[in-house]
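These exercises come with worked solutions. Try each task against the structure before reading on.

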Amino acid sequence: MSSLVSSRLHEDIWDNRLLLARLITEVENDTATGRDALEILYPHTGNAYIIGITGAPGVGKSSLVNQLALAFRKGTGKETKPHVGIIAVDPSSPFTGGAILGDRVRMRDLSGDTGIFIRSMAARGAIGGLARTTAQVARLMDAAGFEVILVETVGAGQAEVEIASLAHTTIVVDAPGLGDDIQAIKAGILEIADILVVNKADLPGVENTERALQAMLQLSNHSGRASSAGSSSTPVWEVPVLRTVSNKGEGAFEVMENALAHLHFLRTSNEWEKRQHLRIRDEVENLVMQTMQQHWMKNLPPSALDKSVEALYSRKATPYQTVKDLLKLSGFNFD
Amino acid sequence: MDQKIRVLIAKPGLDGHDRGAKVIARALRDAGMEVIYTGLRQTPEMVAEAALQENVDIVGLSILSGAHLTLVPRIIELMQANGQSKVPVFVGGIIPEEDVNVLLDAGVKAVYGPGSATTQIIDDIQKLMAEK
Ligand SMILES: Nc1nc2c(ncn2[C@@H]2O[C@H](COP(=O)(O)OP(=O)(O)O)[C@@H](O)[C@H]2O)c(=O)[nH]1
Ligand SMILES: [Mg+2]
């Protein structure tokens, strides 16, 4: 085991920013050390409240994250100030694999507060708006004592629904002036929203954006992901539409209050349990598939794939039979 | 599995434009690196803390204000204090000839003037990382 990881890791990592930062890298690179760390820490996780922030590039996600973190650190008056972890995901270049991670630019207000930890992540080719290891990085922060974790997604578009299975509360951000027809927020992404925010409420067109969102909400008869239950006795979450001016800090406190109200809703209905189970199921399924894939690639004899391609090319073999043969060659037997 | 060189590009001090820093950031991205860019007017404390949180492999400081002799040694000191003594620091910007050695003595790995080719910086970083 690496020197970073001992069996007392859950004690070591508590309040230890340097160790946390280094372990995040291990987890991000999917190293053996990273996996060891996650295994040891797992029993000590599940405590953090994870909020996802998604929406098109430029709507003000990072600015809102900045303000939300400030709001949480000021506290709600009732409780002690939570530690706030932030994960900001940006796209990787499909050509070079490199990335510019610039979200910290909007978060300079947070520097100097040791109760806040910001980590930028490149998506590294993943297309769901998060990096493949974002959930695991959140788990490390959870274990290190961060009670609130804010996750900013890439914001590239429609397929970004992954955040909804990671976050307890998903905030979808929109802004006026993105063009009402080609709204970044289409039905797909709207469905994952627990809270809708119209940021840049200082700009002309706020009412239009707000109205468009309200209309879409009604159209999809959407009242949070709990609505599927349908019966009148089950509590229902009404998705609020809130205004913010995030470069000035207006409205962030209300967003926090609504998030906490949503958390309360989750806790007092059966939604919390339901979502956590779904999330864990997703995770296990993904891990099983990843592991099988890795196992297959590792155990396949060197030229087997080339030979199969050749045989398929010359029409001497057929696809499904080839798959069976290739799986058998690396130790899987499905007959 | 998926190792990437992570670089912090920071602009400490009060000078108001970051074109140079952005050029470097883009060049490093195009060389396949992950560049954390923190924007203008960073204090030494901000730089040292961002480097820690992001666990970067290397830190690049872009300074045009002339305040390099106070800012750079302070950043290196803070990075040593918070456990990053092994993280190399390079400086880019307008640095007078006679200050270059002062910075190198303070622990800076390399100093790049305005005329430096980004390919040189990329090469140097890749070599440094290969030695690690
Ligand atoms: N006018 C206005 N500009 C804003 C507001 N919030 C953020 N911005 C600006 O919008 C730009 C993009 O913000 P950013 O937070 O980086 O957006 P992101 O790409 O969604 O993370 C920046 O220039 C911000 O200063 C707002 O409420 N009003
Ligand atoms: Mg952003």
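**Exercise 1.** Which residues make a nonpolar surface patch of about 430 Å²?

Solution. The patch is made by A:Y42, A:I280, A:V284, A:V288 and A:M292. Patches are made of residues with over 30% relative accessible area and no salt bridge, like charges being joined within 9 Å and nonpolar side chains (Val, Leu, Ile, Met, Phe, Trp, Tyr) within 5 Å. Accessible areas come from the Shrake-Rupley method with a 1.4 Å probe, and for residues only the protein chains shown count as cover. A salt bridge is a side-chain nitrogen of Lys or Arg within 4 Å of a carboxyl oxygen of Asp or Glu.

Take one member, A:I280, which lies in helix α10 (residues 271–299) of chain A. Its relative accessibility is 39%, so A:I280 counts as partly exposed. The classes are buried (under 20% relative accessible area), exposed (over 50%) and partly exposed in between, with a 1.4 Å probe and protein chains only. Helices (H or I, at least four residues) and strands (E, at least two) are DSSP runs, numbered from the N terminus.

A note on the source: this is a predicted model, in which local features need pLDDT of at least 70 and side-chain atom pairs count only at pLDDT 80 or more, while totals for chains, interfaces and linings use all residues. Residues are numbered from 1 along each chain as its sequence is written, chains are lettered from A and ligands numbered from 1 in the order in which they are written, and side-chain values use heavy atoms, with hydrogens and water left out.

**Exercise 2.** Describe chain A as a whole.

Solution. Begin with the elements: chain A has 12 helices and 8 strands. Its radius of gyration is 22 Å, close to the 20 Å that the globule rule gives for 335 residues, so chain A is as compact as a globular protein of that length. The radius is taken over C-alpha atoms, and the rule is 2.2 Å times the number of residues to the power 0.38. Along its principal axes, the C-alpha trace spans about 65 × 50 × 45 Å.

Next, the surface: chain A exposes about 16,500 Å², and carbon and sulfur atoms supply 55% of this area. Of its 335 residues, 50% count as buried.

Last, the contacts (heavy atoms within 4.5 Å). Among those in chain A between residues at least 6 apart in sequence, 74% join residues at least 24 apart.

**Exercise 3.** Is A:Q67 buried or exposed, and what does A:Q67 contact beyond its neighbours within four places in sequence?

Solution. Locate the residue: A:Q67 is in helix α4 (residues 61–74) of chain A. A relative accessibility of 11% makes A:Q67 buried. Beyond those sequence neighbours, A:Q67 is in contact with A:D109, A:S246, A:K248, A:G249 and A:A252.

Now widen the view to the helix. In α4(A), 12 of the 14 residues are buried, so the helix is largely enclosed by the rest of the structure. Its 14 residues should span 20 Å at 1.5 Å a residue, and the end C-alpha atoms are 20 Å apart, which agrees. The expected span is 1.5 Å times one less than the number of residues. Just after α4(A), A:G75 takes a positive phi of about 90°.

**Exercise 4.** Against which elements do the buried residues of α9(A) pack?

Solution. Helix α9 covers residues 252–268 of chain A. Its buried residues include A:A252, A:V255, A:M256 and A:A259. They pack against β1 (49–54), α4, β6 (169–174), β7 (195–198), β8 (241–243) and α10 of chain A.

**Exercise 5.** Which residue of chain A forms a salt bridge with B:E54?

Solution. The partner is A:R119, with the closest N and O atoms 3.9 Å apart. B:E54 lies in helix α2 of chain B and A:R119 in strand β4 (residues 116–122) of chain A, so the pair joins two chains. B:E54 is buried, at 0% relative accessibility, and A:R119 is buried with a relative accessible area of 0%.

Then follow the network: salt bridges link A:E28, A:R104, A:R119, A:R124, B:R6, B:E34 and B:E54. Over all chains, the structure holds 23 salt bridges.
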